[in-house]
Amino acid sequence: MDDSQFDQLVDAVFGDRVRRFQEFLDQINDQGSNYRNDIKEMLMKGKFRLSVSIDDIRNFDVEFWKGLLDDPVDYLPACERALRDTVLTIYDPNDNRFEPLDDNQQFYLAFKGAFGDHQVTPRTIDANHLSRMVAIEGIVTRASLVRPKVIRSVHYAEKTARFFAKSYKDNTTSFDAITTPAVYPLEDPDGNKLTPEYGFSTYRDHQKISVQEMPETAPAGQLPRSVDIVLDDDLVDLTKPGDRVQIVGIYRALGGANNNSSAFRTVVLANAVYPLHARSTGVSAQEKLTDQDVRNINKLAQDKNIFDTLSQSLAPSIYGLDYIKKAVLLMMFGGVEKNLDNGTHLRGDINILMVGDPSTAKSQMLRFVLNTASLAIATTGRGSSGVGLTAAVTTDKETGERRLEAGAMVLADRGVVCIDEFDKMSDVDRVAIHEVMEQQTVTIAKAGIHTTLNARCSVIAAANPVFGQYDVHKDPHKNIALPDSLLSRFDLLFVVTDDVNQTKDRTISEHVLRMHRFILPGMAEGEPVRERSAVSLATGTESVDDNAEQPMYEKFNSLLHAGVANRAHNGSTPTILSIPFLKKYIQYAKQRIKPVLTKKASEYIVKKYSDLRNSDPANNEKRTAPVTARTLETLIRLSTAHAKLRLSKVIEVKDAKVAEEMLRFALFKEIARKNEPKRRKIALFGDNEEQEDEPETESEEDDLEVQGISEYERQQNTPSATPPAEGQASQVADDLDHMHLSQQPLTETTSEQNVEAADNLEGISTERYERFLSVMSSIVNSLFFDNTSGSCSKEQVIDLINEDLPQEEIFSPEEIASGFAKMESSNYIMVDEGKVYKL
């Protein structure tokens, strides 16, 4: 048989395979569609790689499927030729939906599905898999720079005015066994000089990465192995070091001209890269939100106790640490980042530091954040250096050039960095993260490289005190061996002490014992828990069924959730949200809610900040962190995060109060007390007559805060402070006069007349009427009365009165009617024809 007949035979087999794959692309599958629709969608998006299921090929033609897996060198070029022919029949240059197509554009196939015994790891791949298609799984440890590789060069001969083209092949870009020398032609066959035409030449991106086997699958006592992967064209830069990926490709041995040994370097030529979002630390996991999820999220946001419900769903197996859980929850929601026109960057990420005794669940809290946050990277103080946290300058092995490698904080951009054993870091390394924690950038100026990298991440760190145990008899700054310049960059600094308390110790010990008694459903006692029990054999397909409705709540388990049970009221079963739903709630709030500050909330925050700055100097030694201008931004960030948590578009005073409560606990370990009785607040108005004309805020608590609570607290702390007498009726009546709802002057009344009116009041007691006045003041000054007539329907006002009140404080219809009558007689309001008018 001569060469021409052999070539015709090869061409005939090649043509048969092309036709067979074209038939596969045209066939109608079980869902009533075919791959032609996928090709149209691919062309509309301007992409060149079609994802094909290997299972569909097996159902279509078993022999073709076997050939594609065992002999891809012969079958894959035919498949790509069939794909290109099919694309050219579908592509219409006059259709505006399609992106413009280049004549020399090459199209590729990406395979997914069950690969059977071709599913390997860097440890199990061996010589039997050479020249076969494999699916490999692991962690990316190193990624080279993206380099262009010339595929086809074009040259011009000036003397003859003709163009010449030359194609280049090597073992990574072609399956041809014969590679072309990487030398530009300088002369044409007639000896005329050639000039390269770079604009007409064709280039392709090229990148090499190393994939290491998963640490959980490596045998005990052995180092993990790795394999090199070659990525081309549209696959480059899909992964970065730290990502967990599944890669489908062809395992090949690279021959070298200067290689005199019998061992060749092996690589995998990838045709598909699938990031593993579920277990990856370097890939931001995006939850898929369904319509039902959005309805559940908005319904849950209406709950008044949403903050407590979400916080007790965080790490329910950790006993106590309520404020730290709330702080971690606010950190995961985050504030609002602002970039001003003048170039100023205001960070929105919240940083938290926990300092305390050993065995107080600090590391467990970090571990929970690591498993819950959409993007989180864990490091330790001793295990990471300054450049390991920011960025390092290394030498590229292939080109010998200097290049940057991103550190943990750069990889965690838009995520969370968990740093354990923070106090064990050396001072030189710790200084490296100062810039990251405030400016949220990493500036590099070394080895001829000057650049700035983004590191917009939250930092949650855990540290031990100076002497191992926290000494409560010493000031906090003597226990915490960190400079103020670093402490001020942390929004919240919590001191966690291991106090000796018999009741608490017994409760914690029972909780720990319950945890040890927990057995997974379907497991026998003492049976070892098998990791990766639900491994999917398919590559490139999500194991989670999108149609399956995930539960919103988690079933209460007395063995696992004992830390939450003690916080439930009246012995009822606590509400615990499932972790997947919690992730969806956080993602929904972060993506869609951007709250803005209201004037009242701004005034409240400024007042509280000035109170903290000007507090008693004796307390300055007791606080854990310095109060600086960053503390003001901390209040704003915490308020914004709480407004996001409520899915509110505006930051209200109640959000600022939560922020103040969190900050006071972190600074002084103060726990907020319940509201004082109203009679004390009335006495307060008499003490602060110079502020009586300030507009009332939306609730009685706001009245208390705006009209000078700091002075009241100082009076309470002095020995001479005494509670007001209950019999001061004239003072009560005088204060009621000052609680006017409009800016118009009221008619003068004597204290005796007020007392007489209060005594004759029917249907509502004096204390309840005072509460009624406060609620009505916030309603009348709200947007409901902000119209031309200054009125609102009576039914709506009645609904608003009881809307935000606790169950035990709700007004009865008789009390509301008596309250309206009393306010009407005092010329505060007018009720007429089913409407309430503001006077």
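How many aromatic pairs does a search of the whole structure find? The search finds 14, where rings of Phe, Tyr and Trp (its six-membered ring) pair if their centres lie within 6.5 Å. Before you start clicking, note that this is a predicted model, in which local features need pLDDT of at least 70 and side-chain atom pairs count only at pLDDT 80 or more, while totals for chains, interfaces and linings use all residues. Residues are numbered from 1 along each chain as its sequence is written, and side-chain values use heavy atoms, with hydrogens and water left out.

**Stop one: two tyrosines**

Select Tyr168 and Tyr184. Their ring centres are 6.3 Å apart and their planes meet at 40 degrees, so this pair is tilted; planes under 30 degrees apart count as stacked, over 60 as edge-to-face and the rest as tilted. Both residues lie in the loop between strand S6 (162-167) and strand S7 (194-196), so the pair ties together parts 16 residues apart in sequence. Strands here are DSSP runs (E, at least two residues) and helices likewise (H or I, at least four), numbered from the N terminus. Tyr168 is buried at 9% relative accessible area, whereas Tyr184 is partly exposed at 28%. Buried means under 20%, exposed over 50% and partly exposed in between (1.4 Å probe, protein chains only).

**Stop two: two phenylalanines**

Now pick Phe422 and Phe490, an edge-to-face pair with 5.7 Å between centres and 90 degrees between planes. Phe422 sits in the loop between strand S18 (416-420) and helix H12 (427-431), and Phe490 in the loop between helix H15 (484-487) and strand S22 (492-496), so the pair ties together parts 68 residues apart in sequence. Phe422 is buried, with a relative accessible area of 0%, and Phe490 is buried at 4%.

S22, helix H21 (629-645) and helix H22 (653-668) each give two or more residues to the lining.

**Last stop: a ring cluster**

Finally, select Phe21, Phe24, Phe60, Phe64 and Tyr75, which ring pairs link into a cluster.
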